[in-house]
Amino acid sequence: MINSSDENEKELEENEGVQVELTEEEAEFAGEIGDTIFESALIRYMAGESPETVEEFETFINLNAKAEDLLEKLYEKYPEFGKILDEEALAMKEEIDSFSDETK
């Protein structure tokens with residue numbers, strides 16, 4: 001997980017048990033990728049749910065938006081959303097890996 005910092009220190013990220021030092025720019029980019037994955041999962045989840053469930057889901061997110069354990073709460077209360085989020089993260093990883101392979 002990436003920790004936010006106002007200082008110009010390098011960020012640390014856990015990546016398959018290996019700590020990787022990230023520059024501030026890399027940490028920002030990683031955060032943007034995470035936001036994109038989350039937004040894609042939100043769109044997919046809400047598109048397949050009833051208006052009542054979508055309203056409940058949006059209320060839940062708004063009430064818990066600043067909670068450090070928001071993702072854990074979402075996985076617990078909305079397991080289908082968790083499944084979609086995992087799928088989106090895997091798809092992004094595969095796309096990045098594919099791009100990395102093409103540029104080698």
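**Reading burial and helix packing**

Me: Is tyrosine 45 buried or exposed?

Reply: Tyrosine 45 counts as buried because its relative accessible area is 4%, and the cut-off for buried is under 20%. Note that this is a predicted model. Tyrosine 45 lies in helix α1, which spans residues 24-47.

Me: Which residues is tyrosine 45 in contact with, leaving aside neighbours within four places in sequence?

Reply: Its partners beyond those neighbours are Thr53, Phe57, Tyr78, Glu80, Phe81 and Ile84.

Me: How should I read the packing of two helices?

Reply: A packed pair is described by two quantities, the angle between the axes and the distance between them. For α1 and α2 the angle is about 150° and the axes are 9 Å apart. Angles over 145 degrees count as roughly antiparallel, so α1 is roughly antiparallel to α2.

Me: Which residues make the contact between α1 and α2?

Reply: From α1 come Leu42, Tyr45 and Met46, and from α2 come Thr53, Val54, Phe57, Glu58 and Ile61. Sorted by class, this contact has 6 nonpolar, 1 polar and 1 charged residues. Tyr45 and Phe57 both belong to the contact, and Phe57 is also among the residues listed for tyrosine 45 itself.

Me: At what angle do α2 and α3 pack?

Reply: Helix α2 (residues 51-64) and helix α3 (residues 70-77) pack at about 155°, and their axes are 10 Å apart. That angle makes α2 roughly antiparallel to α3. The crossing of these two helices is right-handed. On the α2 side the contact uses Glu56, Phe57, Phe60, Ile61 and Asn64, and on the α3 side Leu70, Lys73, Leu74 and Lys77. By class it has 5 nonpolar, 1 polar and 3 charged residues.

Me: Which residues of α2 are listed in the contact with α1, and which in the contact with α3?

Reply: Phe57 and Ile61 are listed in the contact with α1 and again in the contact with α3.

Me: How exposed is glutamate 87?

Reply: Glutamate 87 is partly exposed, since its relative accessible area is 34% and that class runs from the buried cut-off of 20% to the exposed cut-off of 50%. The residue sits in helix α4, residues 79-102.

Me: What is the order of elements in the chain?

Reply: From the N terminus the order is β-β-α-α-α-α, that is, 2 strands and 4 helices.

Me: What do the totals for the chain say?

Reply: The chain has 104 residues, of which 21% count as buried. Its accessible surface is about 8,000 Å², and carbon and sulfur atoms account for 50% of that. Of the contacts between residues at least 6 apart in sequence, 36% join residues at least 24 apart.

How values were computed:
Residues numbered from 1 in each chain as written. Predicted model: local features only at pLDDT ≥ 70, side-chain atom pairs only at ≥ 80, totals over all residues. Heavy atoms only, no water. Buried < 20%, exposed > 50% of the residue type's maximum accessible area, 1.4 Å probe, protein only. Contact = heavy atoms within 4.5 Å. Areas by Shrake-Rupley, 256 points an atom, 1.4 Å probe, with all protein chains shown as cover. Axes fitted to C-alpha atoms, helices over the stretch in contact; angles between N-to-C directions. Parallel < 35°, antiparallel > 145°, perpendicular 65-115°, else oblique. Left-handed = near helix turned anticlockwise from the far one by under 90°. Nonpolar A, V, L, I, M, F, W, Y, C, P; charged D, E, K, R; others polar.
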